[in-house]
Amino acid sequence: SKLVPSDIDVSNANAVVTYLRAQTAWMKLPLAQACIKGDIPALKAALGEDFSALFELQAYRETPFQLTLDKPLCVKFIIQTFPTATIDSKSPLDYAKEKKAPQLIVDMLELLTIDEMKVCGNTKAEIQAAIEEKKATLSNNKNAMANIVDFTAREKATELQTKMFGELKAAAVDDAQVAFDELKAFCGDQAKRLGDLIAVVMSKYKTTDPRRYEPFEQVKDIAVKEQVPPPATLSLPEQVEFQLANATWYEEGFKIAMNEIAAVFNEAKTCEEICHHYDIDNSGGKWSKELRAEVFNLDLRTNEVVRVKFGPPKGFPRALEKMSQGKNLRDLNRVTFEFEDPLLMALCFEVLNKKYNIHGLKNKYLQETFKEPPNLHMNLDIKDGWLCEVQMLFRDILLIKKELHKFYDVNRADGPFVVASKLFKSLESAPDDQPNFDKPKVTDTSALLKIIKTKDLENAALRNELAALKKQLAEPTVTSSLPSGWSEAIDEEGHTYYFNTEGESTYDKPSEDTLPEGWA
């Protein structure tokens, strides 16, 4: 009301903006004043395309990180609405860190969403409490991930399994059963430990950015459909062989199609670009969010947002076992999509649902309690009614699943012979495709120190060589013309010599005292 005449209704955003546009100073308005009464949608609609310019220019530069925390929603709105806008070619968050903005401002920009701020009532104390809660969630998740691989537990399980296998080799069946029961109980405890980590990790995906998790929660189950059956005239073993052979005819096209989807996601710059590519409805702005959110980064090294891994062909014994139990073989062609961002996992489902008929969808992330690693599990009609299996997992859940698998198999086994094969290939290595969270063993330290010392010596030699080259390049070179009175000539043997008008020459007596001053 202090910025416009009294005859203008300050509750009418259009009227206020119309007046401000006529003033030369309107682009310098503080952010809090520009977002009149917090009526952001009305202000955005009134300003149109000029809205981004308002904050990319003077107001955006001067006010966001000097703002008092009574208007932080305004700052966050700009960042969320214009994710590509920069200040001095830096993202708002990086700019705030560089300018050493108050930690509370940095935390707010980095951790909280607009919706979370609104829940806080937009007050400093409640925002601070929300930030601390978010930090605790992320810290718990970090600790959970560090505890996935327990090498002490692996060593104990190997010890118990070795004892059991020794009894089997000695044909001591009763003693082998006792050892198996002990192993099974221990693996059951480990399976529970890892299962408890799932709930902790899932809290990260649910609370880090609720607006990105919300579309994912809207993915609902779809009824199951049966696989294309083999000829009924075949015997059961022949039917299994037929289905296994049938899968090979679809595998190549299946892999091409799934890899193509992953490539579109990884090469896209925005979510809108993906929607446009697959003609996904985004009229309500459901997918108009940042594609590569900092809080959900799958792989900093590659900037990928999704990875795909295809399952190996199912073996005949397992396929025969399933079909003999009356189960359908809907997983003979299978793929796992690995995401870190719930929003992108939901968008990928939309893409698959647009391109294919989906059958047997189960959103196992909607469970109240997690008895097993959750996933988004579905069957696609890839072609001619042939069903392929697609699973979508979060990165951290996939890591837990890989470690849990060994203990889970033992826990559900019904006898020692079923788990006689060695559980862990190496006690020093983490599961396949999983980062090794363990520190180097003490016994490896001396070898590591030798390598480090050698590399340090090599680096020192390179630094000395570089310094010498820099010094050589820095030394002046003779680029000026000859001193006054001196001339240059070449003798019969092709050697250069110098002479002057006084009769002095380097040809007769090539010594230093006959050269011009400063010459060598």
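R307 stands opposite E338 in strand 2, where strands are DSSP runs of E of at least two residues and helices are runs of H or I of at least four, both numbered from the N terminus. The model is predicted, with residues numbered from 1 along each chain as its sequence is written. Local features need pLDDT of at least 70 and side-chain atom pairs count only at pLDDT 80 or more, while totals for chains, interfaces and linings use all residues; side-chain values rest on heavy atoms, with hydrogens and water left out.

Five strands make up an open sheet of mixed pairing, in the order 1-2-5-4-3. Its edge strands are strand 1 (306-310) and strand 3 (357-363), each of which pairs on one side only. On average, neighbouring strands of this sheet are turned by 20° against each other, direction ignored; axes are lines fitted to C-alpha atoms, for helices over the stretch in contact, and angles run from 0 to 180 degrees between N-to-C directions. Two strands count as paired if DSSP finds at least two bridges between them.

| Strands | Sense | Bridges |
|---|---|---|
| Strand 1 and strand 2 | antiparallel | five |
| Strand 2 (residues 334-339) and strand 5 | parallel | six |
| Strand 4 (residues 376-383) and strand 5 | antiparallel | seven |

Within strand 5, E389 is the bridge partner of R334, and Q391 stands opposite H377. Strands 4 and 5 form a hairpin with two residues between them, and D384 in the turn has a positive phi of about 60°.

Strand 5 (residues 386-394) is largely enclosed by the rest of the structure, because nine of its nine residues are buried, that is, under 20% relative accessible area with a 1.4 Å probe and protein chains only (exposed is over 50%, partly exposed in between). Both of its faces are covered: W386, C388, V390, M392 and F394 are buried on one side, and L387, E389, Q391 and L393 on the other.

Helix 18 (residues 395-412) lies across strand 1, strand 2 and strand 5, and runs at about 100° to strand 5.

**Nonpolar cores**

A nonpolar core is a set of buried Ala, Val, Leu, Ile, Met, Phe, Trp, Tyr and Cys residues joined through side-chain atoms within 4.5 Å. The largest has 91 residues, of which M258, F265, F337, L352, L376 and M378 touch the most other members. Helix 12 (residues 173-207) gives the most to this core, with 13 residues. Leaving aside residues up to four places away in sequence, F265 touches I274, L291, R292, V305, V306, F339, L344, L347, C348 and V351, contact meaning heavy atoms within 4.5 Å.

A second, separate core of twelve residues includes V106, M108, L112 and A130. V106 is found in helix 8 and counts as buried at 6% relative accessibility. The C-alpha atoms of V106 and L93 are separated by 6.7 Å, although these residues are 13 residues apart along the chain. Helix 8 (residues 103-111) has seven of its nine residues buried, so it is largely enclosed by the rest of the structure; the buried residues are L104, I105, V106, D107, M108, L109 and L111.

**Cavities**

A cavity is a set of points, on a 1 Å grid over the protein atoms alone, where a 1.4 Å probe fits but cannot get out, and lining residues have an atom within 4 Å of a point. Grid points are joined across faces, edges and corners, and a volume is the space filled by probe spheres set on the points. By this rule there are two cavities of 30 Å³ or more.

Conventions
1 Å grid on protein atoms, 1.4 Å probe; cavity = no way out; pocket = protein on both sides within 12 Å on 5 of 7 lines; lining within 4 Å.
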